[in-house]
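I am opening a notebook on this structure. Each entry records what I looked up and what I found.

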Amino acid sequence: MSLGDYTPEFLLGLYRRMVLIRKFEERVKFLFLEGIMPGTIHQYMGQEACAVGVCTALRDDDVITSTHRPHGHCIAKGMGVGEMMAELFGRTTGCCKGKGGSMHMGDLSRGVVPAVAIVGGGAPIAAGVALAFKMKKEKRVAVCFTGDGGANEGAFHEAMNMAAIWDLPVVYVIENNLYGASTPVRMVFKTETIAERSSAYGIPGVTIDGNDVLGVYETAREAVERARSGGGPTLLELMTYRITGHSRRDPALYQPEQEKKKALENEPIGRFARRLASEASATREQLDGIDKEVEEEVEAAVAAAMAAPSPRPEDALEDLFVEQG
Ligand SMILES: Cc1ncc(C[n+]2csc(CCOP(=O)(O)OP(=O)(O)O)c2C)c(N)n1
Ligand SMILES: [Mg+2]
């Protein structure tokens, strides 16, 4: 479909959410490098179209599982940057009251299962969430985000097989950013694509451009509708690129210069902005206005997080168990 098939509000909404992820990540990177923010971090720059495209195809009551690289998924599913920034600072106003940090970011009220940093670990959890929806006859959908590395984990295959035989309402999204940490995908996959493995489970699978936010949205919408209407799981491989290191101190010297240069030209936000402007769906001033608003939102989140209290030692044992009603 062309841009003309969508309202300007919808298109600018996609743009805004991608920019919010990028500006959040860029600010966080500097806070870390300045030594102001504790812990370690895996950042999402360059992959924004994957999270935003997929999550825009979801309802608020649908549920996602995430990875060690969760910030983009959380923002795309509707979590606020305030509760996320506070979580990164380890403050009580954070989404996990400051006890989870980057790699356990999540908020069930927004449909985000707190992230699991075990590579591939979200796959069986998403199958379980989808099985619960099916057993309760709720028309809700689970989405598992994972990386190319996650797709080579044993748990991933078990989950895919179970999801397939039980026609579970789940979509498996592989963000193929060409590297698992520093390992290039070509060294660890014998197949041309990862999606072609879907035939082994008897489910549909497709590989698409993961830096085209509208294309991701449209393909995800089909997969989500198939899942919601009882058609079972889909394997969706999104081709993308991490335009930052694997974790915060990684200079990514293993990424060839030419490859990085091409990836920067193809990064999803600039690409979508150019398309919006050239097809007259938005003016440069509108886009600049959004960029500025988003910067202010992120700055306000930093200020609020830094002013918030840290958890008390005596609170350490709270929130460990959930009472079942
Ligand atoms: C089971 C397991 N093995 C190894 C690690 C260490 N580790 C963290 S991220 C990562 C690479 C994951 O690559 P991929 O799934 O492609 O995700 P990306 O980092 O590219 O987003 C590794 C090996 C881990 N967290 N869990
Ligand atoms: Mg990867």
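**Entry 1: cysteines**

I searched the whole structure for disulfides and found 0. The model I am working from is predicted. I then looked at C55, which is in no disulfide; its nearest cysteine sulfur belongs to C74 and is 9.2 Å away. C55 is buried, because its relative accessible area of 6% falls under the 20% limit. For C74 I asked which cysteine sulfur is closest. The closest one is in C95, at 6.6 Å, which is too far for a bond, since a disulfide needs the two sulfur atoms within 2.5 Å. C74 is also buried, with a relative accessible area of 0%.

**Entry 2: the sheet**

I traced an open sheet of 5 strands and noted the order β1-β2-β3-β7-β6, with parallel pairing. The edge strands are β1 (63-65) and β6 (205-209), each of which pairs on one side only. From one strand to the next, the twist averages 20°. As background, I note that strands of a sheet pair through backbone hydrogen bonds, either parallel or antiparallel.

I then checked two of the pairings. β2 and β3 are parallel and share 6 bridges; V143 has V171 of β3 as its bridge partner. β6 runs parallel to β7 (residues 234-239), and 5 bridges join them. Here G205 has L235 of β7 as its bridge partner.

**Entry 3: strand β3 and V170**

How many residues of β3 are buried? I find 7 of the 7, so the strand is largely enclosed by the rest of the structure. Both of its faces are covered. One side carries V170, Y172, I174 and N176, the other V171, V173 and E175, and all are buried. Helix α6 (residues 154-165) lies across β3, as well as across β2 (142-147) and β7. Its direction is at about 145° to β3.

V170 counts as buried because its relative accessibility is 0%. Leaving aside neighbours within four places in sequence, I listed its contacts as A126, A130, A142, A163, A227, G232, P233 and T234. I also checked V170 against G230, 60 residues apart along the chain, and their C-alpha atoms are separated by 10.0 Å.

**Entry 4: helices α1 and α8**

I looked up how helix α1 (residues 8-33) packs with helix α8 (residues 213-228) and got an angle of about 105°, with the axes 11 Å apart. That makes α1 roughly perpendicular to α8, because angles of 65 to 115 degrees count as such. On the α1 side the contact is made by F10, L11, L14 and M18, and on the α8 side by V213, L214 and Y217. I sorted these contact residues by type and counted 7 nonpolar, no polar and no charged.

**Entry 5: positive phi values**

For K97, phi is near 55°. K97 lies in the loop between α4 (81-88) and α5 (122-135). Is K97 buried or partly exposed? Its relative accessible area is 42%, so I recorded it as partly exposed.

For L178, phi is near 75°. L178 lies in the loop between β3 and β4 (179-180). With a relative accessible area of 25%, L178 is partly exposed.

Conventions. Residues are numbered from 1 along each chain as its sequence is written. Chains are lettered from A and ligands numbered from 1 in the order in which they are written. This is a predicted model: local features need pLDDT of at least 70, side-chain atom pairs count only at pLDDT 80 or more; totals for chains, interfaces and linings use all residues. Side-chain values use heavy atoms; hydrogens and water are left out. Buried means under 20% relative accessible area, exposed over 50%, partly exposed in between (1.4 Å probe, protein chains only). Contact means heavy atoms within 4.5 Å. Two strands pair if DSSP finds at least two bridges between them. Helices (H or I, at least four residues) and strands (E, at least two) are DSSP runs, numbered from the N terminus. Axes are lines fitted to C-alpha atoms, for helices over the stretch in contact, and angles run from 0 to 180 degrees between N-to-C directions. Angles under 35 degrees count as roughly parallel, over 145 as roughly antiparallel, 65 to 115 as roughly perpendicular and the rest as oblique. Ala, Val, Leu, Ile, Met, Phe, Trp, Tyr, Cys and Pro count as nonpolar, Asp, Glu, Lys and Arg as charged, and the others, Gly among them, as polar.
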